[in-house]
Amino acid sequence: MNQLQLVDFTSAPSPCDMVRAADVIVVNSSAGKDSQAMLDYVAELAAEAGVSDRVTVVHNDLGTTDTGIPIEWPGTADLARRQAEHYGFPFVITRREKGGLYQQLRNERLKFPGPGLGRWCTSDQKTSQAMKVVTRLAKEHKRSRGLKVYSGEPVKVLYCLGLRAQESPGRARKPVIEEDHSAWSDLRTVTRWNPILHWTETEVWDRIKASGVPYHPAYDEGMTRLSCSLCVLASRDDLIRAARLRPDLAAEYAALETELDHQFRADMSMADIIAAASERQKEHS
Ligand code: SF4
């Protein structure tokens, strides 16, 4: 049974009513442009509704390789913190206890994630970790009101994500609001909200520039997305650019391809990406 239930949009509340109705508002931030624009938007709505004190920003840190090279773009977690602090919101960083993305790949999964191979990178490294924060915040909400954790009305959690329809056909099929019944319990209800789902990239950048809040310098290097520098879902162009900008990380992924005897992606290996990056480097020099 599908545990995500679409909300009837014809009777859906306004964005301001969405935040006003929530007891706990969790904003997921990768520190990328879409998260950043979404955070700015939610901050405005929360201020308008007088519920800014209900917002917490969560960043899921994906860890480093065994030699200490960050999987995300350097400075990402710190940027996510600064963005949250700009709005005065509490900030939480999560890390998977059993290991980051590289360790999970090398020691547990033994295959790169991706289409047809499962998106365990997102579910295990991001969603599961963020849900632990949701649980903690829901408990704190009850206790702060002198209530027993598992009695009475469940805490209403609004779980905000910066997904945009333009990014992929899969995202284009997502609704703006979904009730996540798989995350419901006596403690909490969780409503997933994609408030900028139908924003264009131009609208995202306009919002960021108007806010004056710093964005990640990788965008000025030509990257179109942030999060993992070498994302299994990225375009070939972004991957080649990332391999040029982060040759040490690309080399570690290529070595892992050999060790696991499994290609980074069905349509291109990390070795191919590195070779293309090297060609492009020659063209530019
Ligand atoms: S950025 Fe890409 S590789 Fe990294 S967790 Fe997300 S989907 Fe997986």
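1. The chain is split into domain 1, covering 4-193, and domain 2, covering 235-284. The model is a predicted one. Between the C-alpha centres of domain 1 and domain 2 the separation is 30 Å.

2. Where the two domains touch, domain 1 supplies 9 residues and domain 2 supplies 8 residues. On the domain 1 side of this contact, 4 residues are nonpolar, 3 are polar and 2 are charged.

3. Ala31 deserves a check of its backbone. Its phi is positive, about 75°, although Ala31 is not a glycine. The residue sits in the loop that joins strand S2 (24-28) to helix H2 (33-49). Ala31 counts as buried because 26 C-beta neighbours lie inside 10 Å, the cut-off for buried being 20 or more.

4. Leu110 is a further non-glycine residue with a positive phi, here near 65°. Its place is the loop between helix H4 (101-109) and helix H5 (120-144). With 13 other C-beta atoms within 10 Å, Leu110 is partly exposed, since a residue counts as exposed at 12 or fewer and as buried at 20 or more.

Methods: Residues are numbered from 1 along each chain as its sequence is written. This is a predicted model: local features need pLDDT of at least 70, side-chain atom pairs count only at pLDDT 80 or more; totals for chains, interfaces and linings use all residues. Domain bounds come from an automatic or database domain assignment. Two residues are in contact if their C-beta atoms, placed from the backbone, lie within 7 Å. Ala, Val, Leu, Ile, Met, Phe, Trp, Tyr, Cys and Pro count as nonpolar, Asp, Glu, Lys and Arg as charged, and the others, Gly among them, as polar. Helices (H or I, at least four residues) and strands (E, at least two) are DSSP runs, numbered from the N terminus.
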